[in-house]
Amino acid sequence: MKRSISMLLVVVVSLALALTGCSGEKQGESTESQITIGIPQDIEDSLDPHKAVAAGTEEVYFNIYEGLVKPDSDGNLIPALASDYTVSPDQTTYTFTIRDGVKFHSGKELTVDDVVYSLKRCSNPDDPVLLQAGMTGIESIAAADDSTVVVTLKEPNADFLCEMTAAIIPQSNEDPDHVSDGTGPYKFVSHSPQESFVLEKYDEYWGEPAHIEKVTLKVCANADSLVMELNGGSIDMMARVTSTQADQLSDDFNVLEGTMNLVQALYLNNAAKPFDDVRVRQALCYAVDRQNILDLTSDGHGTIIGSSMYPAFGKYYMEELSDYYPHDVEKAKALLAEAGYEDGFTFTIKVPSNYTQHVEVAQVIADQLKAVGVDARIQLIEWETWLSDVYSGRNFEGTVVGLDASTLAASSMLLRFNSDNSKNFVNYNNPDYDAAYSRAVSTTDDARRTEAYQECERILTETAANVYVQDLAEFVALNKKYAGYEFYPLYIQNFASLYIVEE
Amino acid sequence: MKKKLKFNACVGGILTGGMLLFILTGIFFLPYDPDAMNAELRFAGMSLAHPLGCDNYGRDILTRMLVGSRTTLLVALGTIVVGGGVGTLVGALTGYFGGWLDEVMMRVIDALFAFPSILLALVVVSLLGAGKYNVILALGIAFIPSFARVVRSQYLKLKEMDYVKNARIIGCGHFRIIFVHILPNTLSVLVPTLMIGFNNAVLAEAGMSYLGIGVQPPDASLGRMLSEAQTYLFAHPLQAISPGFAIVLLVLGFSLLADAMEEKGCRC
Amino acid sequence: MKYVGRKILTMLFTLLLVSFLVFLCFTVIPGDPAIARLGTDATPEAIEMLREEMGLNRPFLVRYADWLLSFARGNFGDSYSYSMSVADLLLDKVPITLAMSLMSIAMIVVISIPLGLYTARHEGSVIDKLIYALNQVIMAVPPFFSGILITLLFGIFLKLFTPGGYVSYTTDVTGFLGYLFFPSIAIALPKIAMTVKLLRSELIEEKKQDYARTAYSRGNHTGGVLYKHVLKNAMLPIITFLGMAFTDMIAGSIVVEQVFSIPGIGRILLTSISRRDYPVVMAVVVCLAAVVIVVNGVIDIIYQWIDPRIRLEGEKS
């Protein structure tokens with residue numbers, strides 16, 4: 001019996017070793033060009049692009065679905081499914097010429113009806129789930145002829161074109177939740193929950209075709225084993241790795257540096273005591289040493305910012321605000337004393353636990369605030385609890401997160417600070433701000449609009465709406481076998497520009 | 001046999017004693033502020049000033065170990081006090097009285113046992129927020145069934161013993177019999193179970209920290225330090241080695257002691 | 001038979017209790033599935049519409065009864081966060097965790113029985129002591145950390161597998177099993193240590209029993225007695241332990257799946273809890289609980305079948 005058991009042991013072990021030996025060589029077999037890209041969260045939404053809400057989903061769908069226009073890597077809107085467009089001088093009528101010869105992945109030709117159907121679908125106020133926030137001001141959508149669509153607005157809106165990146169899907173698709181049909185350079189192949197999301201090059205793409213045949217997105221939910229997975233060779237590319245992760249990568253990788261394009265801040269509930277006092281908020285701004293945060297969490301990488309706007313916004317971004325509150329413990333203490341908190345106070349910072357970069361920054365801020373007598377307690381919560389409690393419920397004192405923009409219109413960063421906005425989760429309430437904002441959206445003059453938006457930013461800084469920290473540095477780990485990665489100023493990953501380096 | 005037993009008890013005693021001494025030192029003396037960050041000392045190696053080096057925030061690892069092992073000890077002890085206390089009470093009552101009380105309580109215990117402990121921990125943490133006291137509560141509840149079962153089976157066996165019958169004849173009350181007469185006789189089984197429970201609690205705390213539902217930053221615990229350190233395992237393995245080693249020593253010491261006690265229990 | 005019938009009834013009752021408790025848990029913890037799905041774009045109108053659609057606005061007991069009725073009919077419902085039915089989702093993921101658990105069980109049996117026998121036979125030898133020490137150390141390492149060490153050793157230094165290189169069983173069965181071999185080691189290691197220790201002490205205990213002495217006195221050699229007589233009797237507690245270990249393993253695979261990036265049941269459970277995807281969580285937890293309860297129940301029944309004293313006791317109380 002003993003001998004037979006030992007024999008069995010030998011057989012099992014050798015069999016297992018043989019198996020792993022086989023699996024190690026499997027990659028060499030296929031001749032098809034392919035890349036495996038790690039994603040931090042599963043693509044959990046439906047395949048319906050109008051239902052996609054998670055930023056991680058939208059950045060992938062950028063490759064599958066297209067709108068009438070789409071952003072290029074500089075953030076400019078370029079014609080996509082519309083070959084051309086004109087805007088009436090009063091900025092209320094947008095006329096789009098639909099591109100000829102565009103085919104959906106299913107082989108169906110793109111028609112004006114599909115465009116009208118898609119735009120109506122995501123601007124219908126009776127369907128709040130599909131409704132896109134910026135589409136509420138539409139008066140009418142109509143086809144003028146076989147290749148022209150006219151969109152009329154209730155009132156002028158200079159930023160409206162940004163909304164026209166909304167995906168166009170065929171009217172004939174009866175089950176968009178489960179059947180994907182777009183016009184992008186890649187088409188959807190399969191999705192296995194928590195495992196992989198597979199895309200394949202679309203050969204009849206109207207524009208410049210993609211280079212790599214097959215893109216496999218692999219869910220790497222565990223940030224801690226990421227380095228091992230990259231070094232081990234199971235993923236070829238991963239966006240948004242931290243600087244410490246990047247440091248540990250082997251020579252097989254190029255690390256590209258860009259910015260993450262978001263406003264990371266200690267967001268304060270302006271309606272909660274003691275943050276309803278502007279002096280307390282300003283004191284916190286003085287108490288925080290931003291350069292020290294960067295040094296401690298990302299080896300000094302990142303861009304310090306001072307308001308709700310990041311550099312990729314170009315003319316709207318105001319660099320001078322970034323050092324409005326230099327690190328000054330004495331001044332912070334004086335302001336706290338003035339507000340009646342000589343002995344400091346205690347508050348809780350709620351941080352979504354899945355975002356390492358925010359958790360780290362929150363820890364450093366908590367440590368820095370000790371110097372002015374403020375005891376900040378950190379509470380890690382799940383993202384879903386953050387959404388319902390902090391974001392929807394506004395039940396918090398402070399939270400460290402990064403807010404990104406869906407379009408490069410200044411309004412996408414600044415709209416939420418209007419006192420009556422439903423997304424104003426920090427309860428910022430300032431009539432001056434509301435006035436400046438409404439001045440910005442009502443004017444058709446570009447220079448005056450920019451000026452009004454800048455006024456908004458300055459107000460946010462001066463009243464210390466939040467403790468602004470940085471636009472995080474983004475590191476992309478890309479195996480040296482591949483090249484062509486492009487950074488976008490928005491939350492976008494463009495797989496079509498990637499190609500294989502010939503050796 | 002006897003020699004090995006002594007050896008176990010010896011090594012176990014030394015390890016446990018050493019760890020306790022280490023933790024005790026931390027209560028009276030800390031070389032640095034455990035949470036103070038310093039950008040210049042990020043990932044500093046071993047030196048006289050920082051014998052175990054510094055972590056990713058430039059915090060002294062030795063200091064954090066002193067504080068962290070205290071937290072770990074607190075969590076593990078708290079867990080066996082909650083889990084062992086309630087479990088013993090439930091096991092004693094159900095085993096002694098039997099009947100419908102036994103039937104109902106054991107179904108609840110079964111249900112609790114079949115409930116994945118990770119879900120239980122998540123529920124407690126979502127409801128009450130994370131933090132060491134809630135970790136104790138979560139683990140304590142999860143540990144109740146195993147203690148209850150062990151104690152119940154002992155009571156089932158012991159209540160039929162002659163000395164219990166005698167006690168009843170001379171008019172002792174039920175509660176006196178349960179706690180004064182029977183309980184001390186279960187100790188030979190209960191104590192090793194508690195010690196193993198202690199070890200499981202140390203390991204479970206580490207697991208919860210790994211899944212992000214354990215002790216909250218910036219607080220230190222051995223499990224939390226170990227799971228934080230694994231992000232830097234390639235470049236800075238030093239950060240993982242100290243807390244990992246401490247966990248192994250702590251658990252090893254207790255399990256050797258538990259072994260020694262169990263064998264002693266068997267002999268007499 | 002009466003005992004078995006009663007046992008099955010209590011098992012069903014326990015399962016009902018578990019399902020009720022899980023359902024209750026999810027009504028009291030914060031987080032709303034509708035908001036979880038809509039993210040930061042959620043408007044109050046959209047949340048309300050989705051809640052209505054998901055049936056979340058009905059009273060708690062109505063929802064529970066509704067769930068229970070459809071569950072009893074074998075309908076697990078649809079997942080909130082994946083656009084597929086819970087049954088399809090689980091059918092896809094169960095084989096992964098099951099394969100991993102079975103592999104670990106195989107390792108435990110194949111490795112710990114010979115080791116247990118050896119150490120019991122050569123009690124007090126150098127190898128016995130060595131294995132004892134090794135067992136103690138293995139049991140003292142947190143599971144996630146042993147997983148990381150295995151990845152480092154076999155994946156990075158020995159290059160026997162690609163860390164994170166999980167392949168689906170639908171595309172490549174050998175690759176699938178080959179990858180799962182290593183996480184299975186991580187799951188099996190502490191259980192092997194415990195089984196060896198348990199088996200060794202059981203065997204030594206049984207060896208001292210009268211029947212073993214009789215067998216020796218009749219001239220059987222040590223090995224023969226150990227394998228033919230003693231092992232059989234010592235197996236009962238071991239089988240109990242393995243049964244418990246198996247159920248423990250399925251639930252415990254959550255951590256190992258996380259370390260090795262395996263999209264199994266544990267990972268689905270963890271993400272579904274955080275996404276507040278109740279239909280999935282309910283199905284997973286109730287099925288896991290059912291396995292635990294059934295395994296324990298079967299062990300109890302086997303026990304009383306072998307040792308009728310237990311039955312007597314059970315009926316008396």
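In the predicted model, 35 residues of chain B are in contact with 33 residues of chain C, two residues being in contact if their C-beta atoms, placed from the backbone, lie within 7 Å. Two or more residues on this side of chain B come from each of α3 (99–114), α4 (117–128), α7 (174–210), α8 (222–229) and α9 (238–267), where helices are DSSP runs (H or I, at least four residues) numbered from the N terminus. The largest share, eight residues, belongs to α3(B). By class, the side of chain B that touches chain C holds 23 nonpolar, eight polar and four charged residues; Ala, Val, Leu, Ile, Met, Phe, Trp, Tyr, Cys and Pro count as nonpolar, Asp, Glu, Lys and Arg as charged, and the others, Gly among them, as polar.

Residues are numbered from 1 along each chain as its sequence is written, and chains are lettered from A in the order in which they are written. Local features need pLDDT of at least 70, and side-chain atom pairs count only at pLDDT 80 or more, whereas totals for chains, interfaces and linings use all residues.

Within chain A, helix α6 (residues 278–287) packs against helix α8 (residues 329–338) at an angle of about 165°, with the axes 8 Å apart; axes are lines fitted to C-alpha atoms over the stretch in contact, and angles run from 0 to 180 degrees between N-to-C directions. α6(A) is therefore roughly antiparallel to α8(A), a term for angles over 145 degrees. Residues of α6(A) in the contact include Y286(A), and those of α8(A) include L335(A). The contact comprises eight nonpolar, one polar and three charged residues.

Note on methods. Parallel < 35°, antiparallel > 145°, perpendicular 65-115°, else oblique.
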